[in-house]
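Student: Please take me closely through one part of this model, its packing and its partners, and state each cut-off as you use it.

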Amino acid sequence: MSHGGGAADNGVSPGNVPVCYYGGAGRVPAAVERRVRAAELFLRCAACGLALLAAALLGADRQTRVFFSIQKTARYTDMQSLVFLVIANGMAACYSLLQGARCLLSILTGGVLTNRPMAWAIFSCDQASVMAYFTISAVAVAMEAAMIGKYGNQQFQWMKTCHLYKRFCAQAGGGVACAVAASLNMIVISLVSAFNLFRLYGSGKGRK
């Protein structure tokens, strides 16, 4: 009994608990590993769908009106912030699709991520270049432009335009909302990638 208790205190599996091993010392229960991989796959698929929907709503958004026999068409290309948001969400959708395929392949083959350079690359992309900060900055710029379009800015004498292009602004608002949801999803993904990275650095010596 004392021997079994010592093994449990040292964090060693007694032999009847499935465990995934990482490197020389890291140990993660197989059930936890399956849940993490399934959650990551779901989050990446959701991020891909939301980002793709945001880009599609903004890219297809246009409305034509006639003012004093002059025809004017509002498009997302009329606002550079919306163009930036479409590009950012398109890149995020492609990236999430590739990472989702990697997660699905890992689940089907039963493999786990044990390569530290690869884990660092995924973590860096999720944090900075594509996922989190890039899309959040695009959403922030687009939301500021949307607020000006809806309420105007008296200090700079910028008039509001959404009352003239109601359908255009409504669809653009839906696209921005999807982009916000995708950005929040990507923040959670960055936390998952951080977990996948730093668990590879678990040490067996002095482990509490």
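Tutor: A residue is called buried when its relative accessible area is under 20%, exposed when it is over 50%, and partly exposed in between, with a 1.4 Å probe and protein chains only. This is a predicted model, in which local features need pLDDT of at least 70 and side-chain atom pairs count only at pLDDT 80 or more, while totals for chains, interfaces and linings use all residues. Residues are numbered from 1 along each chain as its sequence is written, and side-chain values use heavy atoms, without hydrogens and water.

Let us follow helix 6. Glu40, in helix 2 (residues 30-59), counts as buried because its relative accessibility is 7%; leaving aside residues up to four places away in sequence, Glu40 touches (heavy atoms within 4.5 Å) Arg102, Cys103, Val192 and Asn196. Helices here are DSSP runs of H or I with at least four residues, strands are runs of E with at least two, and both are numbered from the N terminus.

Ser183 lies within helix 6, which spans residues 166-198, and is buried because its relative accessible area is 6%. With the same exclusion of residues up to four places away in sequence, Ser183 is in contact with Thr135, Ile136 and Val139.

The largest core has 17 residues, and Leu58, Leu82, Leu85, Ala142, Phe168 and Ala179 touch the most other members. At least two residues of this core come from each of helix 2, helix 3 (80-109), helix 5 (132-151) and helix 6, with helix 6 giving the most, five residues. Leu85 touches Leu58, Ala138, Val139, Ala142, Val176 and Ala179, again not counting residues up to four places away in sequence. A second, separate core of eleven residues includes Ala47, Ala93, Met186 and Val192.

The structure holds one aromatic pair (ring centres of Phe, Tyr or the six-membered ring of Trp within 6.5 Å; planes under 30 degrees apart stacked, over 60 edge-to-face, the rest tilted). Trp120, at 36% relative accessibility, counts as partly exposed, and Phe198 is partly exposed at 47%.

Technical notes
A nonpolar core is a set of buried Ala, Val, Leu, Ile, Met, Phe, Trp, Tyr and Cys residues joined through side-chain atoms within 4.5 Å.
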